[in-house]
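I set out to record, entry by entry, what I looked up in this structure. The notes follow in the order in which I made them.

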Amino acid sequence: MKVVILPDARSVCSLAVDILIRKVRQNPAAVLGLATGRTMEAIYAGVSERHRRGDVDFSKITSFNLDEYVGLSKTHPQSYSYYMREKLFDHVGVSDGRGRIPAGDAADPDQEAAAYDRAIVEKGGIDLQLLGLGENGHIGFNEPLSGLTTRTRVVALDEATLTQNAEMFSGDPEGVPKRAITMGIGTILEAKSTVLVATGDAKATAVAASLEGALSSAVPGSALQMHRECLVLLDDKAASGLKCRSSIEWQMKHDTELLDLLRSYYL
């Protein structure tokens with residue numbers, strides 16, 4: 001695991017944009033794992049702007065989103081399918097066939113989850129998986145006590161997640177679907193590389209538990225400690241609970257991979 005701490009959320013999102021674009025330039029047919037949520041909106045806006053400027057072509061990528069609410073069709077305004085079209089796909093030329101998202105309104109959500117997991121494997125796996133981190137430590141919708149080897153499946157959402165996501169459902173936690181299809185932790189860990197993005201004070205406790213705490217199903221984000229190529233991007237607020245910050249800052253100034261990644265910040 002390698003960690004980068006930047007002064008603010010804007011800088012973090014800008015770097016995440018650079019990383020995604022670098023991956024697609026290296027491999028125009030890359031398989032990307034994508035996430036949703038407020039943290040991702042600035043990233044997708046940045047990618048869309050770079051696409052408009054002709055810096056990158058996303059038309060040949062394939063993507064698999066982390067999750068979708070059970071019971072919502074792809075046209076529902078609060079579905080993640082709708083979110084991805086509105087925030088990214090429609091702006092960068094990703095067709096429905098290339099932008100894959102679990103079908104929340106599938107007649108059999110369990111079968112849909114299993115088929116989605118198989119589709120990832122059949123595509124050769126995910127080259128780069130973009131992740132956010134919930135305030136309760138979840139990645140995807142893998143809530144606390146999710147098994148660390150789980151596959152894509154149907155889950156019941158944690159009460160904290162329902163409360164956190166209520167803003168998108170007129171502020172009413174009761175309006176948030178209680179179940180979702182999510183990539184499992186085991187599925188996520190099979191990605192060739194992962195990039196976790198967390199910003200803001202509200203994420204500080206989950207960040208510290210995920211990066212410095214014990215490997216535990218109680219903190220799903222801690223599973224990333226086992227990933228062979230995990231990069232964590234934090235702003236100063238999200239990093240405020242870390243005890244090993246001095247070690248992180250040393251690595252940022254001496255690790256050749258990080259120096260290459262951060263060259264624009266040190267020039």
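**Entry 1: the whole chain**

I began with the contacts of the protein between residues at least 6 apart in sequence, and found that 78% of them join residues at least 24 apart. I note here that the model is a predicted one. I then listed the secondary structure and found 10 helices and 10 strands.

For the extent, I took the C-alpha trace along its principal axes, where the protein spans about 55 × 40 × 35 Å. I also looked up the radius of gyration, which is 17 Å; a compact globule of 267 residues would have a value near 18 Å, so the two agree. As to burial, 52% of the 267 residues count as buried.

**Entry 2: helices α1 and α2**

At what angle do the axes of α1 and α2 cross? I found roughly 50°, with the axes of α1 (residues 9–26) and α2 coming within 9 Å. The two helices are therefore oblique to each other, since neither the roughly parallel nor the roughly perpendicular range covers such an angle. I recorded the crossing of α1 past α2 as right-handed.

I next listed the residues that meet. From α1 they are Cys-13, Ala-16, Val-17, Asp-18, Leu-20, Ile-21 and Arg-25, and from α2 they are Thr-39, Ala-42, Ile-43, Gly-46, Val-47 and Arg-50. Sorted by class, this contact holds eight nonpolar, two polar and three charged residues.

**Entry 3: helices α2 and α3**

I turned to the packing of α2 (residues 38–52) with α3 (residues 80–92), where the angle is about 15° and the axes lie 8 Å apart. That angle makes α2 roughly parallel to α3, because angles under 35 degrees count as such. I recorded this crossing as left-handed.

On the α2 side, the contact is made by Met-40, Glu-41, Tyr-44, Val-47, Ser-48, His-51 and Arg-52. On the α3 side, I listed Tyr-83, Met-84, Lys-87, Leu-88, His-91 and Val-92. By class, the contact of α2 with α3 comprises seven nonpolar, three polar and three charged residues. I noted that Val-47 of α2 takes part in the contact with α1 and also in the contact with α3.

Leaving aside residues up to four places away in sequence, Gly-134 touches Lys-203 and Ala-206. I also checked Gly-134 against Tyr-83, 51 residues away along the chain, and found their C-alpha atoms separated by 18 Å.

**Entry 4: Gln-129**

Last, I looked up Gln-129, which lies in strand β6. Gln-129 counts as buried because its relative accessibility is 0%. Which residues does Gln-129 touch, not counting those up to four places away in sequence? I listed Gly-33, Leu-34, Leu-66, Met-183, Ile-188, Ala-191, Ser-193, Thr-194 and Val-195.

Methods. Residues are numbered from 1 along each chain as its sequence is written. This is a predicted model: local features need pLDDT of at least 70, side-chain atom pairs count only at pLDDT 80 or more; totals for chains, interfaces and linings use all residues. Side-chain values use heavy atoms; hydrogens and water are left out. Axes are lines fitted to C-alpha atoms, for helices over the stretch in contact, and angles run from 0 to 180 degrees between N-to-C directions. Helices (H or I, at least four residues) and strands (E, at least two) are DSSP runs, numbered from the N terminus. Angles under 35 degrees count as roughly parallel, over 145 as roughly antiparallel, 65 to 115 as roughly perpendicular and the rest as oblique. A crossing is left-handed if the near helix is turned anticlockwise from the far one by less than a right angle, and right-handed if clockwise. Contact means heavy atoms within 4.5 Å. Ala, Val, Leu, Ile, Met, Phe, Trp, Tyr, Cys and Pro count as nonpolar, Asp, Glu, Lys and Arg as charged, and the others, Gly among them, as polar. The radius of gyration is taken over C-alpha atoms; the globule rule is 2.2 Å times the number of residues to the power 0.38. Buried means under 20% relative accessible area, exposed over 50%, partly exposed in between (1.4 Å probe, protein chains only).
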